[in-house]
Amino acid sequence: MAPLLSVQNLRVSFPTHRGRVEVVKGISFTLGRERLGIVGESGSGKSMTGRAILKLIRKPGLVTADRLEFDGVDIRSQSEKQMRAIRGARISMVMQDPKFSLNPVMTVGEQIAEALVTHEKLPRRAVNERILAMLEAVRIDDPQRVAGLYPHEVSGGMGQRVMIAMMLIPEPELLIADEPTSALDVSVQAQVLDIIDDLVTSKGMGLILISHDLNLVSRYCDRILVMNAGTVVEECAAGELDKAQHPYTRGLLAAMPVIDESRDELPVLDRTQWAGT
Amino acid sequence: MSAISLSNLDISYGDTKVVHGVNLDIAEGESFALVGESGSGKSTILRAIAGLAPDWTGEIAVLGKTRSHGIERDVARQVQMVFQDPYGSLHPRKTIDAVLSEPLDINGIGNRGERVEAMLGAVGLDQRFRFRFPHQLSGGQRQRVAIARALMLEPKVLLLDEPTSALDVSVQAEILNLLKRLRREQGLTYLLVTHNLPVVSFLCDRLAVMRQGRIVEVADVELLKTERLVEPYSRELLAATEGRVLADTPS
């Protein structure tokens, strides 16, 4: 089966006073209908990779790739208009913070409806039914009431579930989730990820989960790419994270405190070690 | 003597009561954690102790002295707070030097230059950062500045409100090491608010689990490490942290 997404030698760069700075330095991967995790620290280029796939990087940012194909469509040669037909409908993205990603002057229901009717012409009654069903799918009790609320009237966890509902209602084939839970509590985090996981598996979608949390990614993905300073330093199956080889991955794992912590001091990454890579 | 003791503390914001009847006693030199989900009132307790949430009833005593509802300079000199977001808690148009000198200025303490220099050293920041602005620093460096500012008045108690949740894991490790070392060196008392249980294991001696404005369980950190917390809600939190569903909880 042909992969859903194939990326080869993807580079993203931005101009600065001192010349172009590459934030993604030639990464390659393919994705089937599976769950791929991209892990890395701030500035590792993981979010830029996600955005580049959706062609969301604006000038003066520059994206080049030897190959950037989604289901046979060459993303590089798509016009803005053609991209609009892909974004949302076929590939969608859940952003980090529901507070900044929802429109404050539209009700939750209206926003979800907008996501749907942009891609599909449906009678109003059908739209309403789909919205309520979707809100139920993301485990919101009393969807009728929530659909009429404004974003400031819902909690962070609920806001993020609304975002997920909005992103999944056009039934895309690939979902890119960029730190979908880092603005949320631990207890809500698990719920939100379980919802994403359920929907992704039951609809047979592809998922790219971008996060800085190695453990979390290893729990919800099949495969993991570890990124550092714009390159992929390690690729491994999620179950084999503890067998990771690269010193950066090992450093990240060791730097995290654990529940039965007995170390007196946490090992700290020596950043100079990778400065050249 | 206890560093902080709270008895029958109720805290409200306007008409909404958010903390109900909290009793806590934190010994001097102890590192104590408040854990729970957002909205459980844990940050509000810190704010009340610091004097930022004045609408409370009950009793708050700091180092044996009960505090009033107003601003108290004595309390401020002994109890300082470090906030969650290092991007929001430093004045964008003040240099690091100005940020660190301000508490000294307010309290009429001299010898400012030397104290600022010494404090930068203590939190592991190079002297070249002294005359920079916050936007020229990384998140971890800013959080070091925020900790330095809290320590400028040589307080006995630090109130830490999610001090590492905005940071990367490797930077979090640096800040946690720093907090641990400072506590050892200066004999500080910590009251830490977090929802990250492994951080509690690393940094604290005891913890209190909060839910909906009430403390549901106070336990020794050993019980957390060996996963022997008693209350169902505490066990739920623990399970969420480890990403598993408890076998014996009906859901």
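## Basis of the model

The structure is a predicted model, in which local features need pLDDT of at least 70 and side-chain atom pairs count only at pLDDT 80 or more, whereas totals for chains, interfaces and linings use all residues. Residues are numbered from 1 along each chain as its sequence is written, and chains are lettered from A and ligands numbered from 1 in the order in which they are written.

## Overall form of chain A

Chain A has 10 helices and 11 strands; helices (H or I, at least four residues) and strands (E, at least two) are DSSP runs, numbered from the N terminus. The radius of gyration of chain A, 19 Å, is close to the 19 Å that the globule rule gives for 277 residues, so the chain is as compact as a globular protein of that length. This radius is taken over C-alpha atoms, and the rule is 2.2 Å times the number of residues to the power 0.38. The C-alpha trace of chain A spans about 60 × 50 × 45 Å along its principal axes.

Of the 277 residues of chain A, 43% count as buried. A residue is buried if 20 or more other C-beta atoms, placed from the backbone, lie within 10 Å of its own.

## Strand β5 of chain A

Strand β1(A) (residues 5-16) runs antiparallel to β5(A) and is joined to it by four bridges; two strands pair if DSSP finds at least two bridges between them. In this pairing A:L5 stands opposite A:F70.

β5(A) also pairs with β6(A) (residues 73-74), in the antiparallel sense, over two bridges. Here A:F70 stands opposite A:V73. These two strands form a hairpin with two residues between them, and A:D71 in the turn has a positive phi of about 50 degrees.

In chain B, an open sheet of four strands has the order β2-β1-β4-β5, with antiparallel pairing. Its edge strands, β2 (16-27) and β5 (65-66), each pair on one side only. Strands β1(B) (residues 2-13) and β4(B) (residues 56-62) pair over six bridges, and B:S7 stands opposite B:E59 in β4(B).

Helix α1(B) (residues 42-50) is largely enclosed by the rest of the structure, because eight of its nine residues are buried. Among them are B:K42 and B:R47. B:G51, which follows α1(B), has a positive phi near 90 degrees.

## Nonpolar core

The largest nonpolar core has 153 residues, and A:I112, A:A165, B:L191, B:V200 and B:L207 have the most contacts inside it. Such a core is a set of buried Ala, Val, Leu, Ile, Met, Phe, Trp, Tyr and Cys residues joined through C-beta atoms within 7 Å. Helix α8(A) (residues 186-203) gives the most to this core, with nine residues.

A:I169 lies in the loop between α7 (156-168) and β8 (174-178) of chain A. This residue counts as buried because it has 26 C-beta neighbours inside 10 Å.

## Contact between the chains

The contact takes 25 residues from chain B and 23 residues from chain A; two residues are in contact if their C-beta atoms, placed from the backbone, lie within 7 Å. On the side of chain B that touches chain A, the largest share, six residues, comes from α6(B).

Methods: A residue is buried if 20 or more other C-beta atoms lie within 10 Å of its own, exposed if 12 or fewer, and partly exposed in between; C-beta atoms are placed from the backbone.
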